[in-house]
Amino acid sequence: MTTGTPAPFTAADYKARMDRAAQSAADAGLAGVLVAPGPDLVWLTGYHVPADTERLTLLVLAAGQEPTLVVPKLEAPDAAKAAGAGAMALRDWTDGVDPYGVAAPLLDVSGRFGVSDNAWAMHLLGLQKTLPDTSYVSLTEALPMLRAVKDAAELERLAAAGAAADATYEEIRKVTFAGREENDIARELAALLRQFGHSQVDFTVVGSGPNGANPHHEASDRVIQDGDMVVLDFGGLKHGYGSDTTRTVHVGEPTAEERRVHDVVREAQTAACDAVRPGIACQDVDRVARKVITDAGYGEYFIHRTGHGIGVTTHEPPYMIEGEEQELVPGMCFSVEPGIYLPGRFGVRIEDIVTVTEDGGRRLNSTARELAVVG
């Protein structure tokens, strides 16, 4: 497992990101980028602030203009301590003052801006009321690849997160499943992720028996039985970057049909991972996995996309789905996670994080993908 704490990102790293975002916006015909609290703000500045804050906090980026963070005065001292603070100006405002009037001089009065997806409607409407000729588009729509291509330092963090998730799986295989609630196993997964260095646990899916046929089942008080297939999907953040892996285990010896379904999913996952290389479209990864499952007669039971991007969040662009023609480029990281879900019976999913290399793809998860038998 990857150990140690990676070197922190510097003000120069954040400046490069902000400059790239501003230039990408200009290249897309936008006047700039407006970033509210959330993962985009963390990635661009290193500043962590609760996304549910009602006071306007807004990073304004535009080509040829100094990056500026509009921030409530009472939070300005914390903003000044952010790792990227040296690469941007701070413009504070106090309660009782119109914050949109403070932000307005930083914006082109008739510009169209990309806005981080989790910006509050209240704040966008406030800006638009102050600058009625401005317009806005979500960053996912306007600049979907902004965070998609990771540099070496980001890949190091993603590899460490993946290794921690792998260590978690190796440990959870050793515990007793039969006779215990799904919730019990989920709590152990969360504890293990934290034991192996995760600062945040985003999900611990434990889908046993018929619950495994629901891809978004999390965990419940259902008691796991001998003979159950159990889907384990878990992940979170380590060093600020995500992990996400899925393995499917079986309590006791599986039937021939259960082994066959698992083998089909494993074949589909292997084929899709092997297909990853620069220049193919995201949808091609989905097509490869889907063809294997369809040819085996289970196409109607593969009911979700094949994968999603991962970085400072566990789900982000790009998406491995039909219709996504974005080409893969080196440095992209995403999940490859086909599945088969037989309603009322069981489900199987296998998932690894894959990064695109110069001539192919590299998995960031390395645990065995064969069907594991647990007690």
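# Chatting through a predicted model

Visitor: Asp352 and Arg369, are they buried or exposed?
Guide: Both residues, Asp352 and Arg369, are buried. Keep in mind that this is a predicted model.

Visitor: Okay, and what do the side chains of Asp352 and Arg369 meet in?
Guide: They meet in a salt bridge, with 2.6 Å from N to O. Asp352 belongs to strand 16 (residues 352-356), while Arg369 sits in the loop between strand 17 (361-363) and strand 18 (372-374), so the pair ties together parts 17 residues apart in sequence.

Visitor: How many salt bridges does the count come to?
Guide: The count is 26 salt bridges. As a general point, side chains of opposite charge can pair when their charged atoms come close.

Visitor: Which residue does Arg17 meet in a salt bridge?
Guide: Arg17 pairs with Glu154, at 3.8 Å from N to O. This one links distant parts of the chain: Arg17 is in helix 1 (residues 11-27) and Glu154 is in helix 7 (residues 152-172), 137 residues apart.

Visitor: Why does Arg17 count as buried, and why does Glu154?
Guide: Buried means under 20% relative accessible area. Arg17 is buried because its relative accessible area is 4%, and Glu154 counts as buried because its value is 2%.

Visitor: What about Arg55, which residue does it form a salt bridge with?
Guide: Arg55 pairs with Glu54, and their closest N and O atoms are 3.9 Å apart. Here Arg55 counts as partly exposed at 24% relative accessibility, and Glu54 is partly exposed too, at 45%.

Visitor: Switching topic. How many residues does the largest nonpolar core have?
Guide: The largest nonpolar core has 37 residues, and those with the most contacts inside it are Met18, Leu44, Tyr47, Leu59, Leu61 and Leu69. The elements giving two or more residues to this core are helix 1, strand 1 (32-35), helix 2 (39-45), strand 2 (58-61), strand 3 (68-72), helix 3 (76-80) and helix 7.

Visitor: Which helix gives the largest share of this core?
Guide: Helix 1 does, with five residues.

Visitor: What is Met18 in contact with, leaving aside its neighbours within four places in sequence?
Guide: Met18 contacts Leu44, Thr45, Leu59, Leu61, Pro67, Gly84, Ala87 and Met88.

Visitor: Now Thr57, where is it found?
Guide: Thr57 is in the loop between helix 2 and strand 2. Its relative accessible area is 2%, so Thr57 is buried. Beyond its neighbours within four places in sequence, Thr57 is in contact with Val35, Ala36, Pro37, Leu41, Tyr47, Leu69, Val70, Pro72 and Glu75.

Visitor: And Ser138, which strand does it lie in?
Guide: Ser138 lies in strand 6 (residues 135-138). At 28% relative accessibility, Ser138 counts as partly exposed. Not counting residues up to four places away in sequence, Ser138 touches Val115 and Asp117.

Visitor: Zooming out, how many helices and strands does the protein chain have?
Guide: The chain has ten helices and 18 strands. Its radius of gyration is 23 Å, close to the 21 Å that the globule rule gives for 375 residues, so the chain is as compact as a globular protein of that length. Along its principal axes, the C-alpha trace spans about 70 × 40 × 35 Å.

Visitor: What percentage of the 375 residues is buried?
Guide: Buried residues make up 54% of the 375. The protein chain exposes about 15,200 Å², and carbon and sulfur atoms supply 50% of that.

Visitor: One last thing: of the contacts with a separation of 6 or more, what share comes from residues 24 or more positions apart?
Guide: Those residues account for 66% of such contacts in the protein chain.

How values were computed: Residues are numbered from 1 along each chain as its sequence is written. This is a predicted model: local features need pLDDT of at least 70, side-chain atom pairs count only at pLDDT 80 or more; totals for chains, interfaces and linings use all residues. Side-chain values use heavy atoms; hydrogens and water are left out. A salt bridge is a side-chain nitrogen of Lys or Arg within 4 Å of a carboxyl oxygen of Asp or Glu. Helices (H or I, at least four residues) and strands (E, at least two) are DSSP runs, numbered from the N terminus. Buried means under 20% relative accessible area, exposed over 50%, partly exposed in between (1.4 Å probe, protein chains only). A nonpolar core is a set of buried Ala, Val, Leu, Ile, Met, Phe, Trp, Tyr and Cys residues joined through side-chain atoms within 4.5 Å. Contact means heavy atoms within 4.5 Å. The radius of gyration is taken over C-alpha atoms; the globule rule is 2.2 Å times the number of residues to the power 0.38. Accessible areas come from the Shrake-Rupley method with a 1.4 Å probe; for residues, only the protein chains shown count as cover.
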